[in-house]
Amino acid sequence: MLDHLSRPPSPSHIPMDALSEVLQDFRLSGVNYGRCELRHPWSIAFTQQQLLRFHFVSQGPCWIHTEAQGWQELNEGDLVLLPQGIAHRLASAPDVVGDSLKGCQVTKLGDNVCEVVREGTGATSTLFCGSMTLGAYALNPLIALMPPIIKGCDVAGNDPIVGPLLAAMTAEAAQPQMGSATVLSRMADLLVARLIRCWVNCSGASTTGWLAAIRDPHIGRVLVAMHRDPGHDWTLESLAGVAGQSRSVFAERFSAVLGEGAARYLARLRMQLARELLGQNGLSVAEVASRLGYESEASFARAFKRLTSVSPGLVRRTNSGRIDMDFGF
């Protein structure tokens, strides 16, 4: 086993609640924030990005537009989460056209914080906007299943903590002080995690698919183990041991719930992670191969091309450094 990888958790150390285990390590990484003071009329477009986004309305008029749902009004204290970072537009009113960012003063307050101000005589909107990646790879399949836009107020009734958290963010954003960006980022960690949990709890009881798998007391433990340590030399026997089942029972149950075998699922997980490592972190193909547990760069390259139809070298050359974390403005 590679020495830079931690030992996989034993079955006795994996909680029965696999979703809690996934959310335990939930952190927002690569976060950029913008505090916006915008005078009506204003309108700002956010392009599609492979990032989780959120917008928090501290005060003033604000509407959000998505292709699927059209215009929706946001009230003071509302938070919207866009798990897949779909294209959308914010505006002080639906009839405001154009892009107002060109008329805004943008001031960098640090490496990942900026202030956006638009002068004028109309009503003031105070917004707190963020673009972020997820530090927990185990959440990626769940994020892919979530709706393109989630309003915090829609799930607040299912979690008594969401309301007070939104109120605390309102107070912090309204009167920023030293360290406010850090405080707000920690609140965002907790708030997004709780919104995800609320959505999972309200999403029904499907008997197949990733949600059903993470809820399964046996398969869920295996998903946590694979996502936490994808480079481990997993075998059907070792995965069945994590599940606490026989090899045949585990293999049959995994395929029935997820629609594919454990080996195929693990291979796809590794290639998804490989794409991210090649495109964002500037790692060489050999380094990525080693991190994901492949014996050689050649064996990794063959597996990558078989599953993605492109070479890892091409992905590294074309994607490296491409993700724009400038708030989407």
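Colleague: How many aromatic pairs does a search of the whole structure find?
Modeller: Keep in mind that this is a predicted model, where local features need pLDDT of at least 70, side-chain atom pairs count only at pLDDT 80 or more, and totals for chains, interfaces and linings use all residues. Residues are numbered from 1 along each chain as its sequence is written, and side-chain values use heavy atoms, with hydrogens and water left out. Rings of Phe, Tyr and Trp (its six-membered ring) pair if their centres lie within 6.5 Å; planes under 30 degrees apart count as stacked, over 60 as edge-to-face and the rest as tilted. Searching the whole structure that way gives 5 aromatic pairs.

Colleague: Phenylalanine 54 and phenylalanine 128 form one of these; how many residues apart in sequence are the parts that the pair ties together?
Modeller: This pair is tilted, at 5.8 Å centre to centre with 50° between the planes. Helices (H or I, at least four residues) and strands (E, at least two) are DSSP runs, numbered from the N terminus. Phenylalanine 54 lies in strand S3 and phenylalanine 128 in strand S10, so the parts tied together are apart in sequence by 74 residues.

Colleague: Is phenylalanine 54 buried or exposed?
Modeller: Buried means under 20% relative accessible area, exposed over 50%, partly exposed in between (1.4 Å probe, protein chains only). Phenylalanine 54 has 1% relative accessibility, so it counts as buried.

Colleague: Which helix holds phenylalanine 300 and phenylalanine 304?
Modeller: Both of these residues are buried. They sit 4 residues apart, about one turn of the helix, and that helix is H12.

Colleague: Which residue do ring pairs link with Phe250 and Phe254 into a cluster?
Modeller: Phe250 and Phe254 are both buried in H9. The ring pairs join them to Tyr265.

Colleague: Over the ring of which residue does the charged end of arginine 270 sit?
Modeller: A charge sits over a ring if NZ of Lys or CZ of Arg is within 6 Å of the ring centre and within 35 degrees of the ring normal. Here the charged end of arginine 270 is 5.6 Å from the centre of the ring of tyrosine 294.
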